[in-house]
Structure formats: structure tokens, C-alpha cells
Amino acid sequence: MPNISAAITPIISVNRALRTPLHRQIYDGYQAAILSGRLRPGQRVPSTRALASELGVSRIPVLTAYDQLSAEGYFQTRAGIGTEVSLSIRSQVLQPKPGAVPRTAVSRPRIGKSSLLPDSIENSPWPRGWGAFAVGQVALDEFPFQVWKKLLARHSNIATTGYFDYCDPMGLRQLRQALAVYLGTARGVQCGAEQIMIVNGSQQALDIAARALLGAGTDVWTEEPGYRFARSVLALNACRVIPVPVDNDGIDVAAGIKRSPRASAALVTPSHQYPLGCTMSASRRLELLDWAARARSWILEDDYDSEFRYECMPISSLQGLDRNSRVIYIGTLSKVLFPSLRLGYMVIPTDLVERFRSIRFAMDISPAVFHHAVLTDFICQGHFARHIRRMRSLYNARRKALVEAITAELGDGFEITGAQAGMHLCVVRNGICDREIAVRAGQAKVWVAPLSSSYAGKSPRQGLVLGFCSTPAETMRDAVRKLRSAL
Ligand SMILES: Cc1ncc(COP(=O)(O)O)c(C=O)c1O
């Protein structure tokens with residue numbers, strides 16, 4: 001419950017042209033606000049001086065109204081706190097009368113739920129908490145918060161007008177320059193800073209790309225299985241999702257061509273397919289790029305966790321191979337830093353930059369740049385690269401512990417996929433009901449995602465997606481035992 005004691009001025013107006021005295025108008029305004037629940041028990045009200053000044057009246061009518069409201073028990077005064085709405089009001093006013101129909105139940109139109117619009121993370125049908133094996137959780141206790149806090153403090157102290165005005169819709173220039181260097185070096189992305197747009201996570205990148213490039217009703221290939229939250233962005237943009245199967249080499253381009261040869265775009269995770277975890281082979285990459293060039297289609301490359309590769313060097317991006325400017329490269333800081341930062345980036349082909357910029361401007365004018373400045377320092381002072389290196393080694397240990405624990409505790413009925421990279425792996429086994437298991441595992445406080453939820457079409461494979469980054473290696477075995485009980 002947020003602190004509701006701040007003395008916010010409620011909407012109370014006075015009209016000198018009325019014959020009702022000013023103190024009565026103030027009294028009536030407060031009484032109506034309290035009885036309707038707009039002002040809640042315990043909520044502080046402004047001082048008489050502040051309210052008089054706000055309403056442009058003398059203090060006398062305000063003092064008279066406050067005295068009356070206190071005398072009638074609407075207000076109470078507490079030492080050290082001030083005047084607030086009486087706590088005793090709660091039982092009398094806010095409880096619905098027996099048999100009363102809740103307001104929300106009265107003649108609301110029914111809003112249909114598209115199967116492509118997923119439940120939010122908090123409301124998903126299978127529970128999710130902190131710890132084993134929640135997908136997408138990072139090792140927060142290992143994040144260098146001391147450094148981050150110092151940078152936050154430094155930027156709060158030096159904040160100039162540039163931090164407070166609208167900024168470039170593409171984001172802070174210095175951060176884009178730092179990311180251009182990082183992406184060129186670490187991901188083989190070919191770009192200049194002027195092609196980079198900083199966004200509020202990859203979800204927004206995809207939304208902007210869809211608005212810029214994909215018309216309503218156009219076909220878009222999505223990986224089957226694939227990242228369901230990305231499909232929901234396409235659904236919001238009225239695109240037609242065309243699920244295309246994935247095999248060990250990545251998306252099956254030939255199958256995609258059969259289903260929709262002239263689709264407007266293909267949305268892919270080539271470095272580490274979500275959720276199965278394969279890496280798109282070189283020949284598939286070339287095949288996909290070739291299709292996009294011939295069909296004049298776009299490739300939306302979601303490179304969400306490629307920093308974490310354990311058994312070989314990170315694989316270069318698809319964008320780096322593209323010679324026809326068909327790839328929109330999307331990256332996120334949710335995995336390498338933390339997700340509530342809501343920071344991601346997109347690399348846009350040069351001739352499309354202006355189009356993307358105007359769409360972003362129309363959507364939210366410009367991003368909030370304060371954290372851009374903090375992140376720029378974090379990168380330029382070397383903390384970013386150091387943190388990635390440390391997490392790569394920590395996650396590697398956690399990943400190995402999980403694979404060992406699965407092998408020891410679950411036996412070979414389960415096929416492990418995608419364990420060579422990223423922050424999660426999959427255990428696949430047909431004949432189980434993964435949604436039921438996910439719910440039961442949640443009761444034992446282990447949080448797994450059912451593989452079948454990543455399928456858009458019918459006949460999903462059954463299995464479990466297990467994140468391993470927020471689970472210490474020494475507790476892995478115990479967590480897998482809990483999972484075994486749920487199985
Ligand atoms: C496939 C995939 N793409 C992207 C993301 C990151 O999204 P965002 O940047 O919106 O946090 C995730 C996070 O779980 C993911 O699994």
C-alpha cells in the first residue's frame with residue numbers, strides 16, 4: 001500500500017458567484033470526497049494556509065470548514081502528523097451495503113481476450129516467484145549496486161537542463177556511441193551511433209519496428225515455439241502471426257516459404273533460439289537473408305541473451321552478415337543488467353532511421369534520459385564489460401550444476417536442450433502435462449514455465465523451461481528434487 005499521508009490537495013472548488021458561503025462550499029467538497037472514497041481514511045489533508053492559498057481565499061472560511069469537519073468526525077488531528085481523514089470513517093463509509101452491486105459490475109461491455117495477448121507476468125496461470133527456476137531472472141545479488149548507486153548520485157548532483165527537457169527520440173548520443181562500439185566489437189554488428197535507437201526494452205523496439213515496417217494484416221513468420229510476448233506485440237499491430245517450425249538449425253526457412261512466401265517479416269532469435277536454445281546454423285542464416293532480400297521482407301533479429309555463451313565464443317549477429325539492409329537488430333539490457341531498467345536498443349538500416357525516429361516521436365516523444373547517462377558511465381568506466389565477464393562465469397557454474405542435478409534426479413526420460421548458452425534451458429518430454437506441472441511446482445516454490453505456452457499453434461511439445469541464473473549452484477540439487485516431486 002503506497003503512503004497515502006501526503007497532503008495532496010483534493011479537487012475542491014469554490015465559486016464566489018454562488019450564494020452558498022465559501023466555508024460551506026469547502027465543507028461540502030470534503031464531505032463528498034470522503035463519502036465517495038476519493039479521500040481515504042488516514043489520508044492527510046493540506047494545511048488551512050496551503051488550501052486557502054490554493055483556492056485563492058482567506059484562511060477564515062477554510063478554518064471554519066475544517067473545524068466543522070473535525071467536529072463531525074470527518075477529520076482527526078494527530079500530534080506530529082497533522083490533520084487527516086478520520087480512521088473511523090472506514091467502517092461506516094467504505095464497506096458496501098449488504099446486497100449492493102459493485103460499481104464495476106454494472107453494464108461494462110465485454111472485452112474479448114485474444115489468445116495472442118498473454119496474461120501479464122504477475123497474472124500468468126502458472127505461478128512465478130523469486131528464485132529457482134524463474135525464467136529471465138538475473139543474479140541480482142551479484143549486481144554491482146554500489147557502483148550503480150554512486151553513478152546515480154553523481155548524475156543527480158551534476159544534472160543539467162539537458163536531463164530535464166525533451167531529448168532526441170533516438171536517445172542520449174553518448175550512450176549510442178558507447179553501444180555502437182560495444183555492438184561492433186562484441187556482437188559483430190555493423191553500425192554507426194546514428195543508427196542506434198535507445199528504447200524501453202526490446203518489447204518497445206519490436207512495437208516501433210512493426211509500426212514502421214509492417215502493415216495491418218500482413219504476415220509475419222514467428223518461430224514455433226517462440227517468445228510469446230513478442231507475438232503479442234505483432235497481434236497489437238494487427239499482423240498475422242505465421243508460426244514456422246524450428247529445428248536444430250533454427251527457423252525452417254523452406255517451411256516458412258511454403259506457408260507464406262511473401263511474408264513482410266521474420267522474427268527470429270538466431271544466437272540462442274527462445275525457448276529451445278539452438279543456434280541458427282550458418283547455412284540457415286544465409287538462406288534466411290537470401291529469402292529476405294528476394295522477397296523484400298524484413299528480419300527482426302532478437303539478440304536477447306547472446307552475451308552468455310559457455311562452450312564457444314559468442315556467435316556473431318545475423319545483422320553483421322546482411323549485405324542488403326534487411327535486418328533490424330534488437331538487443332536488451334534486461335539480461336546483462338536487470339529488467340526493471342527497461343532499457344534496450346535497436347539498430348536501424350540507415351535509410352530507415354528518419355522513419356523510425358518520427359514513429360518514436362509520435363509514440364512517446366523521447367525516452368527518459370537520466371538512466372542513459374548513468375549507463376554511459378557504467379559502460380565507459382569498464383563496469384559493464386567486467387559485470388558481463390563475472391556473470392558469464394557465475395552462470396556457467398549454475399548451468400553446469402543444473403544439468404548435473406537434472407541428470408541425477410530426473411533421469412534420462414527428459415531431453416535437455418539449449419544448455420550451451422543463455423540463461424535458461426529446456427527439458428522436453430512428451431506425454432506429460434507441462435502446465436499442470438508448472439502449477440504444482442509453484443506450490444513447492446519452484447517456478448518453471450511450461451514449454452507448451454511458447455507455441456502459437458496446435459500440437460505443442462511438452463516440457464519445462466528452467467532459468468538457472470538466480471539459483472545458487474549449491475541449492476540447485478535441492479530445487480530439482482522439489483521439481484521431481486511435482487512431476
Ligand atoms: C526472447 C526474448 N526476447 C527479449 C526479451 C527481453 O525483453 P525486454 O527487453 O522487453 O525485457 C526476453 C526476456 O525474457 C526474451 O526471452
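Two strands count as paired if DSSP finds at least two bridges between them. Helices (H or I, at least four residues) and strands (E, at least two) are DSSP runs, numbered from the N terminus. This is a predicted model, in which local features need pLDDT of at least 70 and side-chain atom pairs count only at pLDDT 80 or more, while totals for chains, interfaces and linings use all residues. Residues are numbered from 1 along each chain as its sequence is written, and side-chain values use heavy atoms, with hydrogens and water left out.

**Stop 1: the domains**

Colour three ranges: domain 1 (22-94), domain 2 (144-380) and domain 3 (386-486). These bounds come from an automatic or database domain assignment. Now look at domain 1 and domain 2. Their centres, taken over C-alpha atoms, are separated by 52 Å.

**Stop 2: the sheet**

Show the strands. Eight of them make an open sheet with mixed pairing, in the order β3-β10-β9-β8-β7-β4-β5-β6. Which strands stand at the edges? They are β3 and β6 (250-251), each with a single partner strand, so one side of each has no neighbour in the sheet.

Select β3 (residues 196-199) and β10 (residues 344-347). They run antiparallel, joined by four bridges. Met197 stands opposite Met346 in β10, and Ile198 stands opposite Tyr345 in β10.

Step on to β9. It pairs with β10 in the antiparallel sense, over four bridges. Thr332 has Gly344 in β10 as its bridge partner. Leu300 stands opposite Ile328 in β9.

Are the residues of β3 buried or exposed? Ile196 and Ile198 on one side, and Met197 and Val199 on the other, are all buried. Buried means under 20% relative accessible area, exposed over 50%, and partly exposed in between (1.4 Å probe, protein chains only). Both faces of β10 are covered as well: Gly344 and Met346 are buried on one side, Tyr345 and Val347 on the other.

**Stop 3: aromatic rings**

Select Phe, Tyr and Trp. Rings of these residues (for Trp, the six-membered ring) pair if their centres lie within 6.5 Å; planes under 30 degrees apart count as stacked, over 60 as edge-to-face and the rest as tilted. By this rule there are 18 aromatic pairs.

Zoom in on Tyr27 and Tyr74. This pair is edge-to-face, at 6.5 Å centre to centre and 85° between the planes. Tyr27 lies in helix α1 (residues 22-35) and Tyr74 in the loop between α3 (59-71) and β1 (75-78), so the pair ties together parts 47 residues apart in sequence. Tyr27 counts as buried, at 5% relative accessibility. Tyr74 counts as buried too, at 13%.

Move to Phe308 and Tyr395. Their ring centres are 5.0 Å apart and their planes at 65°, so this pair is edge-to-face. Phe308 sits in the loop between β8 (298-302) and β9 (327-332), and Tyr395 in helix α13 (residues 383-410), 87 residues apart. Phe308 and Tyr395 are both buried.

Then select Phe143, Phe145, Trp148, Phe338 and Phe378, which form one aromatic cluster.

**Stop 4: charges over rings**

A charge sits over a ring if NZ of Lys or CZ of Arg is within 6 Å of the ring centre and within 35 degrees of the ring normal. Pick Arg326 and Trp298. The charged end of Arg326 sits over the ring of Trp298, 4.0 Å from its centre. Now try Arg429 and Phe414: the charged end of Arg429 sits over the Phe414 ring, 5.0 Å from its centre.

**Stop 5: two helices**

Select α15 (residues 476-486). Its buried residues are Met476, Ala479, Val480, Leu483 and Ala486. They cover an arc of only 105° around the axis, which puts them on the same side of α15. The arc is that of the directions from the helix axis to the C-beta atoms. What covers these residues includes α13, α14 (434-443) and β14 (463-467).

Finish with α14. Asp434, Ile437, Ala438, Ala441 and Gly442 are buried there. Just after α14, Lys445 takes a positive phi of about 65°.

Methods: Contact = heavy atoms within 4.5 Å.
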